[in-house]
Amino acid sequence: MKYLINLFPKPKQNSSEKIIYFATHYLRYVLVITQFVAICVFFYRFKVDQEIVDLRDKLHQQESILTSTGGLIGRIQELDNKMRNVKTIMQDQDAFRSEYAYFFSILPTDIIISKMDISAKEVAINGISTSVNPIRSLNDKLIADGKYKTVNLLNIEKGEAGFSFNMQLSQYSTN
């Protein structure tokens with residue numbers, strides 16, 4: 001086996017030789033690494049651009065969904081308002097029915113109602129009875145039950161047909 005051993009010192013290199021040595025040995029590694037980084041950045045940029053395009057498409061889809069459902073939402077709100085109106089009307093009817101049923105359930109059979117005005121806040125009654133006792137018992141029953149906040153027997157007059165009376169009731173409560 002042959003060995004090459006050089007015991008002489010290396011001759012001094014000038015600066016151009018050093019540059020050539022650097023260019024041939026190390027600069028190619030720097031160029032390869034730089035190209036690798038540039039390619040990585042290019043692919044990352046491609047990925048980010050694709051994500052931006054996907055997000056933009058998704059945004060346009062959601063905008064189109066919102067614009068297409070805008071009319072539907074308006075109709076739903078309109079229907080909801082109508083349902084609320086129907087609900088309040090039904091509640092008012094139930095309250096009226098309850099008040100009407102209560103009043104006629106306690107009305108004595110000797111009293112004939114000639115006029116009855118029912119509003120949301122008060123009831124005005126004109127009636128006729130053959131004696132004062134049914135009118136008094138109606139008034140006492142209305143006060144005792146406490147369904148109306150105020151019960152006013154305005155007047156009782158004796159006439160040819162019997163005793164006519166006017167009564168005013170206000171603020172009916174279902175309690």
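The legends below describe close-up views of aromatic rings and of charges over rings in a predicted model. Residues are numbered from 1 along each chain as its sequence is written, and side-chain values use heavy atoms, with hydrogens and water left out. Local features need pLDDT of at least 70 and side-chain atom pairs count only at pLDDT 80 or more, whereas totals for chains, interfaces and linings use all residues.

**View 1. The aromatic pair of Phe42 and Phe43.** Rings of Phe, Tyr and Trp (its six-membered ring) pair if their centres lie within 6.5 Å, with planes under 30 degrees apart counted as stacked, over 60 as edge-to-face and the rest as tilted; the count by this rule comes to 9 aromatic pairs. Phe42 and Phe43 are edge-to-face, at 5.5 Å centre to centre and 65 degrees between the planes. Phe42 is exposed at 53% relative accessible area, and Phe43 is exposed at 52% (buried means under 20%, exposed over 50%, partly exposed in between, with a 1.4 Å probe and protein chains only).

**View 2. The tilted pair of Tyr102 and Tyr148.** These rings lie 6.4 Å apart centre to centre, with 45 degrees between the planes. Tyr102 lies in helix 2 (residues 27–106) and Tyr148 in strand 3 (residues 148–158), so the pair ties together parts that are 46 residues apart in sequence; helices (H or I, at least four residues) and strands (E, at least two) are DSSP runs, numbered from the N terminus. Tyr102 is buried, at 11% relative accessible area, and Tyr148 is buried, at 5%.

**View 3. Charged ends over the rings of Tyr29 and Tyr102.** The charged end of Arg28 sits over the ring of Tyr29, 5.7 Å from its centre, and that of Lys147 sits over the ring of Tyr102, 5.7 Å from its centre (NZ of Lys or CZ of Arg within 6 Å of the ring centre and within 35 degrees of the ring normal).
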